[in-house]
Amino acid sequence: MPVHAEPLDALRRRTSVKWRAYPDDVLPLFVAEMDFPLARPIGDAIRDAVDRSDTGYSSGGRELPHAFSSFAEKRWGWAVNPDHVRSTADVSMGILEVLRRVTQPGDSVVVTPPVYPPFYALIDEARSSVVRVPLLDDGASIALDLEGIDAAFAAGATAMVLCNPHNPLGYPHTPADLIALAEIAQRHDATIISDEIHAPLTHSDGHFTPFLTVSDAAREHGVSITSASKAWNLAGLKCALMITAAPRMHAVIDGMHDEVFWRTSHLGVQASIAAFREGESWLDDVISNLEANRRLLDDLLAESIPGSRYRQPVAGYLAWIDLRDAGWGDDPAAGILERAKVALTSGPAFGREGTGFARLNFGCSPEVLTEAIERIRAARLSDHD
């Protein structure tokens with residue numbers, strides 16, 4: 001049965017942050033939650049656990065690592081050793097705990113803005129400082145600034161938080177860039193923490209390459225952190241995976257406090273197993289919806305928002321919209337929320353490269369997406385009356 005986004009009256013009965021952060025007259029297209037119904041195998045797994053009162057601590061068993069390993073092999077040709085998969089509560093916690101193990105207070109950590117805003121806070125929480133090496137983006141192509149990253153490591157940075165596929169651009173990094181990045185990390189004995197949470201949402205015309213597959217250097221100096229949460233809308237169930245592929249990085253994970261693993265939600269584990277084992281059909285339907293929506297958004301912006309620029313992503317459901325020439329100021333999301341009653345994510349939150357940009361979540365129905373752009377168009381017109 002095809003998967004379709006739920007109607008607004010049903011969505012407003014949800015109590016997650018997407019549906020409680022703003023009044024009902026606001027269309028929420030900000031936080032990364034989708035509007036599709038839960039995949040049936042996941043719902044069944046959660047209901048079955050509740051029916052048998054199976055709501056205790058996570059056992060840390062092998063079922064989830066094996067489920068992810070099978071999914072990764074089928075989806076990306078990635079042979080993951082289940083023995084080297086450990087769980088924690090979420091991807092951000094995984095990033096933080098790895099940073100605590102591979103950096104010392106005062107160390108520098110590389111990020112590639114515009115990038116997922118919590119990276120900055122996680123690095124600060126790890127008592128390190130951020131080194132910004134912006135992506136190379138000429139409007140036609142995107143690439144890592146490998147020379148800039150090399151220079152940052154040469155100057156003393158000890159780790160990098162990589163976003164692959166990149167949020168907010170919806171861009172999976174190329175194998176060539178990842179191979180070169182691994183060589184740089186090896187040369188400087190640095191660590192690459194690869195956030196791969198959006199990988200299952202890669203579109204039919206995109207190609208995701210897991211960082212740990214590209215070379216021995218990547219395996220020796222990298223850790224992958226991922227989750228079913230973004231692709232199957234399970235953020236509230238608190239389960240993520242930390243994956244390693246070489247003794248150096250096994251030791252990083254094995255040296256963590258047991259509480260890092262105990263924080264995994266038992267229900268999150270059950271949901272994630274169901275997602276990886278039985279959720280591919282649902283996921284493929286959702287991706288088809290997302291591909292249609294990204295094209296619809298392209299048409300709507302071209303027709304309704306003069307001066308806007310947008311490159312269709314090939315992973316995920318987040319659109320990075322350039323509104324610098326559209327009359328919405330340095331932080332378009334602020335004015336759009338106030339005057340159009342559409343909640344987007346602030347571009348400057350991703351770094352100063354986001355000045356004049358906003359991020360829009362198109363993991364919704366075509367009707368909601370169309371109404372959102374119409375509201376923005378109407379608000380802009382009223383400002384010029």
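1. The sulfur of Cys239 lies 19 Å from the closest cysteine sulfur, that of Cys163, which is too far for a bond. A disulfide is taken here as a pair of cysteine sulfur atoms within 2.5 Å. Across the whole structure, the search for disulfides returns zero. Cys163 is accordingly in no disulfide, its nearest cysteine sulfur being that of Cys239.

2. The model is a predicted one, in which local features need pLDDT of at least 70 and side-chain atom pairs count only at pLDDT 80 or more, whereas totals for chains, interfaces and linings use all residues. Residues are numbered from 1 along each chain as its sequence is written, and side-chain values use heavy atoms, with hydrogens and water left out.

3. Are Cys163 and Cys239 buried or exposed? Cys163 has 1% relative accessibility and counts as buried; Cys239, at 6%, also counts as buried. The classes are buried for under 20% relative accessible area, exposed for over 50%, and partly exposed in between, with a 1.4 Å probe and protein chains only.

4. The structure holds 26 salt bridges. The term denotes a side-chain nitrogen of Lys or Arg within 4 Å of a carboxyl oxygen of Asp or Glu. Three of these pairs are described in the points that follow.

5. Arg75 and Asp284 form a salt bridge whose closest N and O atoms are 2.8 Å apart. This pair links distant parts of the chain, with Arg75 in helix 4 (residues 63–76) and Asp284 in helix 14 (residues 280–304), 209 residues apart. Helices are DSSP runs (H or I, at least four residues), numbered from the N terminus. Arg75 is partly exposed, with a relative accessible area of 24%, and Asp284 is partly exposed at 36%.

6. A salt bridge also joins Arg100 to Glu125, with 3.6 Å between the closest N and O atoms. Here the link runs from helix 5, which holds Arg100, to helix 6 (residues 118–125), which holds Glu125, the two residues being 25 residues apart. Both partners are partly exposed: Arg100 at 41% relative accessibility and Glu125 at 44%.

7. Asp150 pairs with Arg187 in a salt bridge, the closest N and O atoms being 3.2 Å apart. Distant parts of the chain are again linked, Asp150 being in helix 7 (residues 146–154) and Arg187 in helix 8 (residues 175–188), 37 residues apart. Asp150 counts as partly exposed at 22% relative accessibility, whereas Arg187 is exposed at 53%. Elsewhere, salt bridges that share partners join Lys74, Arg75, Glu280 and Asp284 into one network.

8. The largest pocket contains about 850 Å³ of space. A pocket is an open set of points on a 1 Å grid over the protein atoms alone, where a 1.4 Å probe fits, with protein on both sides within 12 Å along at least five of seven lines; lining residues have an atom within 4 Å of a point. Grid points are joined across faces, edges and corners, and the volume is the space filled by probe spheres set on them.

9. Which residues lie nearest the centre of the largest pocket? They are Ala32, Glu33, Lys230, Ala235 and Gly236, from a lining of 37 residues. The lining divides into 19 nonpolar, 10 polar and eight charged residues. Helix 5 (91–102) and helix 10 (229–232) each supply at least two lining residues, and helix 10 gives the most, with three.

Definitions and conventions
Nonpolar A, V, L, I, M, F, W, Y, C, P; charged D, E, K, R; others polar.
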